[in-house]
Amino acid sequence: MTDTGPTDKTAPPRRSTRFDTPSELYTRLPEIQMLTTMRPRQDEGNLQYLYRLRSSTTPEESVTFAAFAAQPTVAAGWGYECLRLMADHLSPLEKPMLQDIAAWVSSPTTAMRHRLMREALFAPTRTPSVLLGLAVGWSVGGPAPNDPMRPPPYRTPQAINSAVLSCLARSELSRRPSYLARFIDMAETLFRAF
């Protein structure tokens, strides 16, 4: 028998996806339907749907699916990794925002989330890192200390989707498929976890 007193630091695994199946996602968050053309099959699992999207004529929809299917904080972390992979395509002015997002991903605090939201809201342009900053701001709880209203559940994934795809659009046409493949490879891990 083991002791599970206050010194036990083992935590149960956390879900990385919002729903068990893509069909449930499309039913409960219908906003994804406006951003994708391919629909999940009734008996299809998340990984199977991701693979089918990946091999379709519009593999970019796999980015959209990953952004919507993952829990908001998990999706924001995945979006950060996608942008970090393409850091050479971000302007130097975007680097401080990306560094702040990295700090939030490693140690998510409410104060940091509110600060990121404020910086993103008042940014002069909606760059990929600013869009991701907005996603972080909407990811959990109200976007500001004096705003108790939670944003709609589609707000964070829409911003993550826009951040990742707009960053992808900055790359040379010949390199986009390899970047996209790496994004999807990283997304696979979201669906392999609990």
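Which helices do the buried residues of α7 pack against? In this predicted model, they pack against α4 (72–85), α5 (95–106), α6 (110–121) and α8 (155–168), where contact means heavy atoms within 4.5 Å. Local features need pLDDT of at least 70, side-chain atom pairs count only at pLDDT 80 or more, and totals for chains, interfaces and linings use all residues. Residues are numbered from 1 along each chain as its sequence is written, and side-chain values use heavy atoms, with hydrogens and water left out.

Helix α7 covers residues 128–139. Helices here are DSSP runs of H or I with at least four residues, numbered from the N terminus. The 12 residues of α7 reach 16 Å from the first C-alpha to the last, close to the 16 Å expected at 1.5 Å a residue; the expected span is 1.5 Å times one less than the number of residues. Because 12 of the 12 residues of α7 are buried, the helix is largely enclosed by the rest of the structure. Buried means under 20% relative accessible area, exposed over 50%, and partly exposed in between (1.4 Å probe, protein chains only). Just after α7, Gly141 takes a positive phi of about 75°.

Helix α7 also takes part in a pocket. Both α5 and α7 supply at least two residues of the lining of the largest pocket, which holds about 220 Å³ of space. A pocket is an open set of points on a 1 Å grid over the protein atoms alone, where a 1.4 Å probe fits, with protein on both sides within 12 Å along at least five of seven lines; lining residues have an atom within 4 Å of a point. Among the lining residues are Pro96, Met97, Ser129 and Val130.

The second largest pocket has about 180 Å³ of space. Of the 11 residues that line it, the closest to its centre are Thr73, Trp104, Pro108, Thr109 and Val140. Helix α5 gives the most to this lining, with three residues.

Salt bridges number 10 in the structure, each a side-chain nitrogen of Lys or Arg within 4 Å of a carboxyl oxygen of Asp or Glu. One of them joins Asp100 and Arg115 (2.8 Å, N to O). This pair links helix α5 to helix α6, 15 residues apart. Asp100 is buried, at 16% relative accessible area, whereas Arg115 is partly exposed, at 31%. In another, the closest N and O atoms of Glu188 and Arg54 are 2.9 Å apart.

Note on methods
Grid points are joined across faces, edges and corners, and a volume is the space filled by probe spheres set on the points.
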